[in-house]
Amino acid sequence: MKNLVILGAGTSGTMMANHLVSKLPKKEWQITIVDQYKTHYYQPGFLFLPFDIYTTKQVKKNGKKFIPKAVDYIQEKIELILPEDNTIILESGKNVPYDILIIATGTKIAPDEIEGMDGPEWYKSIFDFYTYEGAKALRDKLREWKGGKLVVHISEMPIKCPVAPLEFAFLADSYFKHKGMRDKVDITFVTPLGGAFTKPKATKALHYLLEEKGIKEVTDFAIERVDYENKKIIDYADTEVEYDLLVTVPTNMGDALIERSGMGDDLNYVPTNKATLQSLDHQNIFAIGDATNLPASKAGSVAHFEAEILTDNILRFIKGEELKEEFDGHANCFIETGNGKALLIDFNYTHEPVEGTFPFPGVGPLNLLKESRTNHMGKMAFRWVYWNMLIKGIHIPFVSATMSTKGKHLEEVE
Amino acid sequence: MRKIISQTEIEVNEEGYLTNFSQWTEEICECIADEQGICMTERHWEVIKYIQEKHNNDEPLSIRGIKKSGVIDIKEFYSLFPGGPLKKATMIAGIPKPKSCI
């Protein structure tokens, strides 16, 4: 009997367990998945929780429901990966040997990376919305907040779901309008990048949204510290931005397990072949989703496309065949723009998001890079798709793992 | 796009970044720096050499990477290349602007 071990039962790990259980011969392969946490969160919902659009119940379920019965599910903390010995060590000291290892340990916020962020004002006037706890604490704060300077801030790239902070700013605009207090709130979007959107085409096409919503922008802001006593963030060029309520996206880092095992880069991400998803250092170790160092977005859609390709590559690896260099960095993201509208963007390593229709060329029904209500319905419907199709490894019809250029007004980037 | 700098014709993209590193010389480097309002000193050269080396090794450039470089701290990096230090330093070094994903 051979062992395939998956580390992490989040979006990527759960998808891989579901894909592989039907593809690997049960008599030859035992699949094991390890995760210390019992709850599976619908992470895109963390964006909506602070604004009372989703309830806490809508964003979490018992993770066990999504792990196939034939898969051995170990709920325990992982102490160490020993790649030279093809073994992982659990917190209890138990060894789990593997023939193939899939690392799907994701990315986490690390507010302690920035001086003053994780201090006495954490969850008082400084919040994140990338964790369940943060989003919930922020919801409670917003319910009673009387207004003032709201600063929506990104600490450093890369971050999970890079458009989420902007969506947060858009939804905040809508939220305060509906509460009849938009005039009491000053919204500023602060980013280390040169613009609110990171891709030049999208920036050009979408800048009007910021102006339309009266959201101020501070760009190229590389944060040095939070002065929580005087309520301001300060960058290395001594630029200061004052806040009453700071909603920040702290530095994102891969799991500490990767660092302990000596397998990560500066940010604990696993160096991974960007086309095959095989780790660069060990042939029988693969990485997927937010845990990799791929120059692609850290997002569920990316993990979903990777999972289809990684499944094929694992089967090839077992047969001793050459791996397919197929992953193209495909991402497909809805961007909430507030007031019941959303945008959709579809892009990869080499193609920027452009205008067009999706998934049917010329038909849609979804519009690329344009605000519409249909796009918003798509985003809302996606929660159902996530729980019922995506993490169960069911192929989403008409959406291919590699990006399609059909129905798009294209321009190639270098 | 073509651009004449230091009496030499070079290929640049629309933002002014060299598209062909083989055209980079120390004279061109100084002229680009000058256009950015920067007068090259020994320290500037050390940083430029460091980021060129990182680029040649296919290692991504980031503010965090600079912090750990041992060559320069971030405060000094900002004072040497005021404004957007990574954007300016890469332009002067003749390498592409650091990419970040959406």
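**Entry 1**

I began with A:R139 and found it buried, because its relative accessible area is 12% and the cut-off for buried is under 20%. I note here that the model is predicted, so every value in these entries is computed from that model.

I then looked up the pairing of A:R139. Its side chain meets that of A:D140 in a salt bridge, at 3.1 Å from N to O. I recorded A:D140 as partly exposed, because its relative accessibility is 35%.

Which residue also forms a salt bridge with A:D140, the closest N and O atoms being 3.8 Å apart? I found that this partner is A:R143. A:R143 and A:D140 are 3 residues apart in helix α2 (residues 132–144) of chain A, which means that about one helical turn separates them. With 45% relative accessibility, A:R143 counts as partly exposed.

I looked up how chain A is divided. Domain 1 covers 2–108 + 253–319, and domain 2 covers 111–251. The C-alpha centres of these two domains of chain A lie 30 Å apart. To their contact, domain 1 of chain A gives 21 residues and domain 2 of chain A gives 24 residues.

How much area do domain 1 and domain 2 of chain A bury between them? I read a value of about 1,900 Å², with 69% of it on carbon and sulfur atoms. On the side of domain 1 of chain A, the residues A:L47, A:P50 and A:F51 supply 33% of the area buried against domain 2, more than any other three residues.

I then turned to charged and polar pairs. Between domain 1 and domain 2 of chain A, the count is 2 salt bridges. The side chains of A:K160 and A:D290 meet in a salt bridge, with 3.0 Å from N to O. By class, the side of domain 1 of chain A that touches domain 2 has 12 nonpolar, 4 polar and 5 charged residues.

**Entry 1. Chain A against chain B**

I moved to the interface of the two chains. Here 28 residues of chain A are in contact with 13 residues of chain B. Chain A and chain B bury about 1,700 Å² between them, and 52% of this area is on carbon and sulfur atoms.

How many salt bridges cross the interface of chain A and chain B? I found 5. The side chains of B:K75 and A:E224 meet in a salt bridge, at 3.3 Å from N to O. Across the interface of chain A and chain B there are also 6 residue pairs in polar contact, both at pLDDT 80 or more. I sorted the side of chain A that touches chain B by class and noted 15 nonpolar, 4 polar and 9 charged residues.

**Entry 2. A pair within chain B, and the total**

I looked up a pair in chain B. B:E59 forms a salt bridge with B:K54, the closest N and O atoms being 2.7 Å apart.

Finally, I searched the whole structure and recorded 29 salt bridges over all chains.

Technical notes
Residues numbered from 1 in each chain as written. Chains lettered and ligands numbered in written order. Predicted model: local features only at pLDDT ≥ 70, side-chain atom pairs only at ≥ 80, totals over all residues. Heavy atoms only, no water. Contact = heavy atoms within 4.5 Å. Buried area = accessible area lost by both parts, 1.4 Å probe. Salt bridge = Lys/Arg side-chain N within 4 Å of Asp/Glu carboxyl O. Polar contact = N/O pair within 3.5 Å; in protein donor to acceptor, adjacent residues only side chain to side chain. Nonpolar A, V, L, I, M, F, W, Y, C, P; charged D, E, K, R; others polar. Domains from an automatic or database assignment. Buried < 20%, exposed > 50% of the residue type's maximum accessible area, 1.4 Å probe, protein only. Helix = DSSP H or I, 4+ residues; strand = E, 2+ residues; numbered from the N terminus.
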